[in-house]
Amino acid sequence: FAYQGEGSGEEETVIGGYPAEIRDLSLSQAKALLGIDISLNGDRVEIACEYDPSAYSAYTALGLARLTDRIAGEFIRKATVGEVELVSEEDRQAILTLHDTTAEVAERPAYRLLQDSAEKDPEKTALVAADRTLSYRQLNEEANAVGATLRECGAGPETIVAVLADRDSYAYVMRQGVLKSGGAFLPIDPEYPEERIRFILEDSGAKLLLTTGRVIERRKAFLQALQAEGIMVVEAEKAAASGSRENPVLDVPADALTYVIYTSGSTGKPKGVMLTNRNLVNFVDPNPKNHEILGYTERGQVSLAVAALTFDFAIMEEFVPLANGMTVVLATQEQILNPEQMARLMTENRVDVMSCTPGYLANLISSASFRPAVRGLRSVDFGAEAFPPALYGKLKEINPELHIMNGYGPTEATISCTMEVIRSAEDITIGIPNANVYVATADRNGKLQPLGATGELVILGEGVGRGYIGRDDLTREHFITLLGKRAYRSGDLARIREDGKIEFHGRMDDQVKLRGLRIELGEVENVISTYPGIRTCAVTVIHGETDYLAAYFTADETVDIASLREHLAKYLTAYMVPQ
C-alpha cells in the first residue's frame, strides 16, 4: 500500500482506523519481509510499503509508514531528539477511544462492601473456613467489633494496621475489621522471619498489629519484643467479642488508603504498594464494563480462596465475592497442597468459581481424584503467570462448559486490570481492560507510542494505586501522568493489536514469577551477597517439570550450603530462598 502523509489528500481505504491507498502487489514482487520506500509525487510525500502478509499485517506496516511520516515531520519542527513526539493528537485519541471502558461506579468507602451485602441478605453464608462458618451478619458484626476496638486504639483514615493471619475465619474478620476502623490493612505472614516483619513494620510506619491468640502464643517472645518497641498488639478474638457490633458511619475519603501489599524489591528490601478505597471499589463493581468481575458474579455463587493471604490475588478472592453477595470457601494450607482434600472441600461446598495460577490447577488436574471438582466449576480466573495453551484442551475435556478467563495485572494497578475469555488454545492474549482502566505503550524514556508498537505497557485510570511507601524516587519513576490520567509503568513488554487485545511479551527487567509469586532476583542476590566470604552471585529461575529458583556464587572459601540457607531464611520469605 501507499500512505500519503498527514493531511495530504483523499485516500481510498482505511486500515486500523487510518487511511491508506491499497495497491495490488504479489508476493513475488516483495524484496524482503518488510520494505519501505519514500518518494516525492509533486508536492506530496509518498511512503510505500511492501510486506509479506504471512509475517506482518497491514496494521503493522501502515503503523511503520505513519511513524516514519510522523518522525520526519518532528525532526523538521523540533530542535532535539528528546523533544520528538512519536504520536499525533489523532493517535492520542485513538488510544483513549480504542477500549470503551468508562463506567459509572457508586463511590463508597471499602468498608461498605461487606456491610451493604450484609444488609441485603444477612443470613446468607459469607465464609466457610476450617474453624467455623459465618453468615454475612456474623462476619459483618465481628468486623464491626474489631473496627470499633481499633478506633479506640487510635486507628482511622490513613492508619496502617498490620494483620498477621492464619488461614482461618479470623483472617477475614481482621481485614474487614481494619476497614471498619477507617484504616488500611497490611497483610503479613505470621511465619515470615523476624527481620522481614520488623522491616515491614518500620518501613510502613505501622504501630498497630492485629492478630489472633494462636499467633500470639506461637510467636510470643517476638511479639513481646515488638510491644516493648512501641507496637500495640491487638488480639482479634477479644476485640470481636468486646467491641461494638453496630455498623460504623465513617467519613473515609475515596483516596484514603485501603490496603498495603509488600512485594519483592530489586534493592534487597521489599517495597510497600499503597492502594486506595477508590481503587478497590472500582475493581469489584459488577457493572457491564467490568467483564472479569462479571465472570464471577454472573456464573458463580460459591468461590474458592487458595492464594497466600499476603498476595493480592487473596484480596480478589475475598472482596469480589463478599462485595457481591457470594460465599467464600477458604482452603487451609494442607488442603491447598492435597488434591484429594481440595476436591472434597470443593464438592462438599459446591464451589463453582475459583481464581488461581495456571500452574496450580494444571498440577491438580493431573490427579484423577481432583477432576470431579473441575466438573462442578462454572468459571475459573487465571492470573499471575502465562497461560499454557495445552491447559485449555485439558480443562475443556473435563468440563466443556467451563468459562476460562486469563487475567493480567500488577499489584500497583489493583490486582487485575485486563482479561481475555479464552475460547481456544490459539492466539492467547491478556485481553482488554476492565472498567475505567485504559492501556497504552511507551518507549524506555516513557514517551507514548502509537498503537501497534511493542513497548512498555502503561496502565491508566481508576486502578492505578498511590505509589510506594517511603520510596518517592520509585514512585516518580513508575507512577506518572499520561494522556491526562494517572498511570503506572508496568515494566512489562506488550503490544496493543488492531482488535484491541493486548499481547504480553515478558519483562523488561529481572523480575520473575515463580508459581505466581513475584520475585525481584536482585533482592535475593543482595541478601546472598551479605553472607561472609561470597564475592559474586547470580540468581535465576530454572524451568523444568517443576520451576525452581537457583543461585550461583563464587566465594573465597567453601561455603556451607545449610548455613547459607539459614542466613537467607532470616531475611527472605520461604519461596524466595533458592532451592
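How many cavities of 30 Å³ or more does a search of the whole structure find?

1. The search turns up 4 of them. By cavity I mean a set of points, on a 1 Å grid over the protein atoms alone, where a 1.4 Å probe fits but cannot get out. The largest has a volume of about 200 Å³, and 18 residues line it, with Ile 261, Tyr 262, Thr 263, Thr 310 and Tyr 575 closest to its centre. Strand S12 supplies the largest share of that lining, 3 residues.

2. A quick word on the source. This is a predicted model, where local features need pLDDT of at least 70 and side-chain atom pairs count only at pLDDT 80 or more, while totals for chains, interfaces and linings use all residues. Residues are numbered from 1 along each chain as its sequence is written, and side-chain values use heavy atoms, leaving out hydrogens and water.

3. Next, the open sheet: 9 strands in the order S7-S6-S15-S14-S16-S17-S18-S19-S20, with mixed pairing. Strands are DSSP runs (E, at least two residues), numbered from the N terminus, and two of them pair if DSSP finds at least two bridges between them. S7 (133-135) and S20 (432-433) each have a single partner strand, so one side of each lacks a neighbour in the sheet.

4. Within that sheet, look at S18 (residues 403-408) and S19 (residues 418-421): they run antiparallel, joined by 4 bridges. Tyr 408 stands opposite Thr 418 in S19.

5. Finally, find Ile 38 in strand S4. Ile 38 is exposed (over 50% relative accessible area), at 53%.

Notes:
Buried < 20%, exposed > 50% of the residue type's maximum accessible area, 1.4 Å probe, protein only. 1 Å grid on protein atoms, 1.4 Å probe; cavity = no way out; pocket = protein on both sides within 12 Å on 5 of 7 lines; lining within 4 Å. Points joined across faces, edges and corners; volume = space filled by probe spheres on them.
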